[in-house]
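Here are some questions and answers on one model, for reading beside the coordinates.

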Amino acid sequence: MKTTIQELEDKYLVTLEGELDTAAAVEVEKTLQPLYTSNGRDIVIDCTNLEYIASSGLRILISILKGAKAGGSKVIMRNMNDDIKTVFKLTGFINLFEFEEV
């Protein structure tokens, strides 16, 4: 699993690549923890190369969303494949996040 954060002028761009399973979640959470307080910047999470997400990965995304909303920011999920979208639909997360295709 590869996770990167780019700090742009008005937002953070997160790129997730690989499988966000339980084994990878601990390291991903350490990397993304600074985003739990986004300081008014929106967060775009690029899922173009995300192949799988487990419940532990969903928990990380919810933590980011809670912090962002508390700071007046939003979290935008970008370029999710159909399998990941299905997970979001089944869990109800489809109603919590914003989505975009680029």
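Buried means under 20% relative accessible area, and exposed means over 50%. The model discussed here is predicted.

Q: Is Thr3 buried or exposed?
A: Thr3 lies in strand S1. Its relative accessibility is 16%. The cut-off for burial is under 20%, so Thr3 counts as buried.

Q: Which residues does Thr3 touch, not counting residues up to four places away in sequence?
A: Thr3 belongs to strand S1. With residues up to four places away in sequence left out, its contacts are Val14, Thr15, Leu16, Val28, Thr31 and Leu32.

Q: Which strands stand at the edges of the sheet?
A: The sheet is open and has five strands with mixed pairing, in the order S1-S2-S3-S4-S5. An edge strand has a single partner strand, so one side of it is left without a neighbour in the sheet. The twist averages 20° from one strand to the next. The strands at the edges are S1 (2-7) and S5 (98-100).

Q: How many bridges join strand S2 to strand S3?
A: Strand S2 covers residues 11-20 and strand S3 covers residues 42-53, and the two run parallel. Tyr12 stands opposite Ile43 in S3. The number of bridges joining S2 to S3 is nine.

Q: What angle does the direction of helix H1 make with that of S2?
A: Helix H1 (residues 22-32) packs on the sheet and touches S1 and S2. Its direction and that of S2 make an angle of about 165°.

Q: Which strands does helix H3 touch?
A: Helix H3 spans residues 82-91 and packs on the sheet. Its direction makes about 110° with that of S3. The strands touched by H3 are S3, S4 (75-78) and S5.

How values were computed:
Residues numbered from 1 in each chain as written. Predicted model: local features only at pLDDT ≥ 70, side-chain atom pairs only at ≥ 80, totals over all residues. Heavy atoms only, no water. Pairing = 2+ DSSP bridges. Helix = DSSP H or I, 4+ residues; strand = E, 2+ residues; numbered from the N terminus. Axes fitted to C-alpha atoms, helices over the stretch in contact; angles between N-to-C directions. Contact = heavy atoms within 4.5 Å. Buried < 20%, exposed > 50% of the residue type's maximum accessible area, 1.4 Å probe, protein only.
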